[in-house]
Amino acid sequence: MFLIFGSILLALYFEPILSILAVQKNEIRTYESLDGLWTFVREPTNYGDLGITNEWYSNDLSKFDNATVMPVPSAYNDLGTSSELRDHIGWVWYEKKEIIPFRDQQFRHFLRFASVNYFAVVYVNSQKVTTHVGGHLPFEVDVSQYLKFGIENKFTVAVNNTLSWATIPQGDFNYQKASSRNISGRMLSRLPSGAFKDVGNFDFFNYAGILRSVQLVKLPSSYIENIIIVADHTGSFYYETAISDLNNGLVVESKIFDDNNLVVFKSNSTKGEGQLENAKLWWPRGMGKPNLYILEITLLSSDGQVVDVYRETFGFRTVSLTESQMLINQKPFYCLGFGMHEDFELSGRGFNQVVMTKDLNLLEWMGGNCYRTTHYPYAEERMAENDRRGIAVIVETPAVGLKGFPKANNNLHIKMLTDMIDRDKNHPSVIAWSLANEPVTKKKESRNYFRSLVETAHGIDRTRPVTTVYGPTNFDDDQTADLMDFICVNRYYGWYIDMGQMEWINQSVYWDLSLWKETFKKPLMVTEYGADSILGLNQEPSVDFSEQYQSELIHQTHLAFDALRKDHTITGEMIWNFADFMTGMTTTRAVGNHKGVFTRTRQAKMAAYTLRNRYLSLFNQTDLPLWDTKKQLY
Ligand code: GCB
């Protein structure tokens, strides 16, 4: 017995929330890209709120002595020549001037940022228009009343990368509190000079700045605000549209187009449901084609003029769980996956379409079908590519290594989870939501914290299971794992545990995972395992950091995975990591983390071939057996 959605039920499976759609250009909608070189001014590291106090937003930053330029999108850290810029903690300022044409006066203008890490204060023509906390997710603000047409407008963004905001912060996230004068966050340790050492509880570089595109989005005065479309493997679908103001006799026309551009559904309602005969399903790579449909929403005036149009791509597919397996469209899905990073030389975590394209091409070459957006939501462009390519994705909130569970954290975590689900809800490639990576959930108080997150995710979206990725905890001391729909575990046997003991790996991995399974009786995925290696460092017999060691460790772990699969214990595996990536400086990292099977410039190491052989051999097993049909968990 599995979860089978009926068309009436589908309506109950998504709770509408208001937010922002991905940008789109069409016969009505347009936008001006504000990407490019912005004026850039860095405040001295940890200098309180110098710029805000002195109202820098009223000034022309390009006249400052230390003004330079910075490309958007990009992290700023690696583009200078000084460690001060690379390791900067505190405020930096961005400014761009733009003439808005007279002809655009008819539009409502929204200033949209796809990701600013981590705290942003936005000004238009010296007026504060919004603030936003938390990187990796888009935000926008209606700036129509602040703009001037036919002359230059000044867009100013103050960005603060203090680590209290880098992941879900500890304590109060009011930005005033994070100035150097009164920081109380766990991640900041006081140095004798009064400066702060900003040490994150995570293993990746604290890249900061305006990391993804900025646009001035031009919409009609009445416009389509949000669209929810839920469609399952039976061909049932439910959709709902939010319109900014549905008065003045405006009407909505909804159509669904198939991949031949034929209309397969039509209605005049803002919400509705239906059943499509012979719907072509969205499948992950290896299981079938990732068929996509388009829901077109048109807003019309009473005399039939088109006011607004939005076209949302979606797919028919169902994710469900049995006690041991994840099913997609009722068929067993085995994840052949990767932990990754949005990381590359120079641009850091800045969106880079070249790197994205290479990464997804390499993932396909490896025989992969899946990845987790470790350790934060990835770019919107990538989510669309996952749909098109049939790559299944577990999307993760930016909550890494949580150690404390106060209410203020919880509130922000809930907000970011909500925003993340809202951004990615219509992507068929998104198969699950990950609430956190490696929280220290031995503490009793973590239980209510995680319960609220599970309830939030389920409260909005009942079509996808929820998980958390466990690392520091074990099957017998974790306080939260039973709340999850399925469980992800990171394990480093042969590396952080029992270095050098290749022959122990198989048994250790097998027993560790079996105990999680026995305890919780839920599907399990191994979401991290692996070892560092330096390209070209060859040692036979292998030693740590050699290419041989990484490759052998992976192979030994696979022996355990084979046994675990046979025993119906795991429903997927993900290597850590796809490619080498930059981290902060510590004694265990030599210019970053080298657990990539590719180098940071995306060249294959020996381990890439070991993994590729395995993934390709399993990838071709298109018809995996159904292990248990008795118990439906989700
Ligand atoms: C982990 C973390 C990941 C690290 C990795 C490592 O458990 O989830 O962020 O990069 O270990 O290489 O230590």
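1. In strand β23, Leu 327 is the bridge partner of Ser 320. Strand β22 and strand β23, the latter covering residues 326–328, pair in the antiparallel sense over 3 bridges, where pairing requires that DSSP finds at least two bridges between two strands.

2. These strands belong to an open sheet of 3 strands, in the order β22-β23-β24, with antiparallel pairing. Because β22 (319–321) and β24 (331–333) stand at the edges with a single partner strand each, one side of each is left without a neighbour in the sheet. From one strand to the next, the twist averages 45 degrees.

3. As to the basis of these remarks, this is a predicted model, in which local features need pLDDT of at least 70 and side-chain atom pairs count only at pLDDT 80 or more, while totals for chains, interfaces and linings use all residues. Residues are numbered from 1 along each chain as its sequence is written, and side-chain values use heavy atoms, with hydrogens and water left out.

4. Of the 634 residues in the protein, 62% are buried, a term that stands for under 20% relative accessible area with a 1.4 Å probe, protein chains only.

5. The ligand is surrounded by 13 residues, the closest being Asp 203, His 375, Glu 438, Tyr 496 and Lys 595; a residue counts here if one of its heavy atoms lies within 4 Å of the molecule. An oxygen atom of the ligand is 2.4 Å from an N or O atom in the side chain of Tyr 496, and for the side chain of Asn 437 the corresponding distance is 2.9 Å.

Notes
Buried < 20%, exposed > 50% of the residue type's maximum accessible area, 1.4 Å probe, protein only. Helix = DSSP H or I, 4+ residues; strand = E, 2+ residues; numbered from the N terminus. Axes fitted to C-alpha atoms, helices over the stretch in contact; angles between N-to-C directions. Polar contact = N/O pair within 3.5 Å; in protein donor to acceptor, adjacent residues only side chain to side chain.
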